[in-house]
Amino acid sequence: MGDAMKVKVKDIETLFSTDGYLRPFEREIRRRHGVLQEWLDKINQGDGGMDQFTQGYKYYGLHFQPDNSVIAREWAPGAKNVYLAGDFNNWHWESHPFKKLEFGKWELHLPPNADGSPQIKHLSEIKIIIRNHSDHLLDRLSPWAKYVVQPPKEANQGVNYKQYVWQPPESERYQRQHSRPARPKSLRIYECHVGIASQEPRVGTYDEFADRIVPRIKRQGYNCIQVMAIMEHAYYASFGYQVTSFYAASSRCGNPEQLKRMIDVAHSHGLYVLLDVVHSHASKNVQDGLNQFDGTNSCFFHDGARGEHSLWDSRLFNYVEYEVLRFLLSNLRWWHDEYNFDGYRFDGVTSMLYHSRGIGEGFSGDYNEYFGLNVDTDALNYLGLANHMLHTLDPEVITIAEDVSGMPTLCRPVSEGGIGFDYRLGMAIPDKWIELLKEQSDDQWSMGDVVHTLTNRRWMENTVAYAESHDQALVGDKTIAFWLMDKEMYTHMSTQSDSSLIIDRGLALHKMIRLITHALGGEAYLNFMGNEFGHPEWLDFPRVGNNDSYHYARRQWNLVDDNMLKYKYLNEFDRAMNEAEQRYGWLHSGPAYVSWKHEGDKIIAFERAGLVFVFNFHIHQSFTGYRVGTNWAGTYQAVLSSDDPRFGGHNRIDGNVKHRSDPEGYAGRSNFIEVYSPSRTAVVYARVSD
């Protein structure tokens, strides 16, 4: 029959039927798809199907009934007894025992008071009490807790979070006023953290973010925000990556109703809202986390070494446990249904797939790395289930994988045997820019290397391109702006200060790096809050090492708002770059064609979405009459120039000049135009007539 790759198939089932012709990795895809289908069948045949299975939050936790009785349910398979205690029963730990049900489930009914009111009220404090098989009583927070708060220092009640019942009266519940915007064709993501969004040295709030920051994001031309550190985490400095309460919105920034308002306000500005979700691991905290909830070392996690992430000092989920899948899948649905999030960035996908088995990062691209025994297929199966559930529930949902491995099929539909993500992060791109800035002088940069890094992605699997990650903004590292300009940012960023070659170079390269990443690096673009204007200082959360200071755990918006400072130039270019993408749509137009990468001239030229992009990275040489190939005949004009004075440039590009194409072939293209290309300048040309 010949090479299997030449067999024309309509769907994956047809491909799978040709087993004798499949390569080993194709057989592994089939096996994985079969396991996923088995789980889907198992879920659909029990518990009312996937729809009911993924609404575990309606069954577990605390639920008020129409008659004001209260039902509490927990899953604690390793517990000998389970009790509910709180201010409603004067903290008598054993006075209200749960009834043991099948499969490790426990249930408690609390009838209403004699006057018809509920025994437990809004903002009552409660705890789950576990009796383990050594007859020790252990106090825990419910894994399904919706609102948990750390006591203030002056209360002298320790640092462990407390669970408060969130059941406000109808008049105090936020009512959505705006519908969700349409899913963006081109995704321009503003990654943000509500707590550090305040300029004041304190934790910012959901209301402040809605009123002050969302309008900024909209003005900058972004159409999506990716919000970090929403799931409650006891340690603020963990950046939200050590989750303790998966169903609770971080109370540092406000209450659940205020978060709902923030998302609604974002929707009113046409912004999609993505949640940074951490299902790759969980905090080791016991009294205010999931760890040892039922008094055993397993429950939600693997026991033994497989349940420990030594690098992150955290616990790893048991993705083959039925109730763990219910907990995690329901968690995704909770944030979608309750808070109206539009999608998710799945953090730590690489760690889920490899680190739980002790496999480090660093991938050669050999298919044996992706389809061999190194991969945690249980975690892979969970990700497939999650994507299948989310996209079935809501076809407009967006999911993004934080994956550095390059796992094939990660961003192909589950129906094709893929894992179902819509996008993956292009994690090699920010690493490449830092490598160049840190290790090479400008004249050593390889144009071929830059192009390869920006275009090296899997065909038909969408990538989110970004020039720098939030990790680079953290204390101990440097943002691109800091690598470029460092201490000069404190002395020469005034528009009235003496000219500085360091600042001139920094502004020029900062704009070029972002534009070429935006235009060439993927099918979506991401920026971390503050990097759009070159925020001058790192991010350092309050911790013991800095005397719990908030000085660096904030964003200095005053710098970009000051018309006398050069930060405004970077900010305006960022805005213009996004507006140009909105107008021409290069992110959703298909890959670019790179026609030119000249090592001597340090010039890169490519076509995308009917535009011609020209980048001159040369440290001092400008070129007149420079030929640039294009397959589209017509008259071209500059529509975006990094050298424009409003972006801090030197005004060397005349936007009124028309460039008529010549039909003589050049650089493998059917036409060419001649342009002036100043050093350290990026220019985008559009056809203004045929």
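Y552 counts as partly exposed because its relative accessibility is 30%, the class between buried (under 20% relative accessible area) and exposed (over 50%), with a 1.4 Å probe and protein chains only. The residue lies in the loop between β21 (524-528) and α14 (557-561); helices (H or I, at least four residues) and strands (E, at least two) are DSSP runs numbered from the N terminus. The model is predicted, with local features requiring pLDDT of at least 70 and side-chain atom pairs pLDDT 80 or more, while totals for chains, interfaces and linings use all residues. Residues are numbered from 1 along each chain as its sequence is written, and side-chain values use heavy atoms, without hydrogens and water.

Buried positions in α10 are I429, P430, K432, W433, I434, L436 and L437. These buried residues pack against α11 (447-455), β20 (463-465), α12 (480-485) and α13 (501-520).

L390, in helix α9 (residues 377-393), is buried, with a relative accessible area of 0%. Apart from neighbours within four places in sequence, L390 is in contact with L332, Y344, F346, V397 and T399, contact meaning heavy atoms within 4.5 Å. L390 and G420 are 30 residues apart in sequence, with a C-alpha to C-alpha distance of 9.7 Å.

The domain assignment, automatic or from a database, gives domain 1 (59-172) and domain 2 (593-688). Their centres, taken over C-alpha atoms, are separated by 66 Å.
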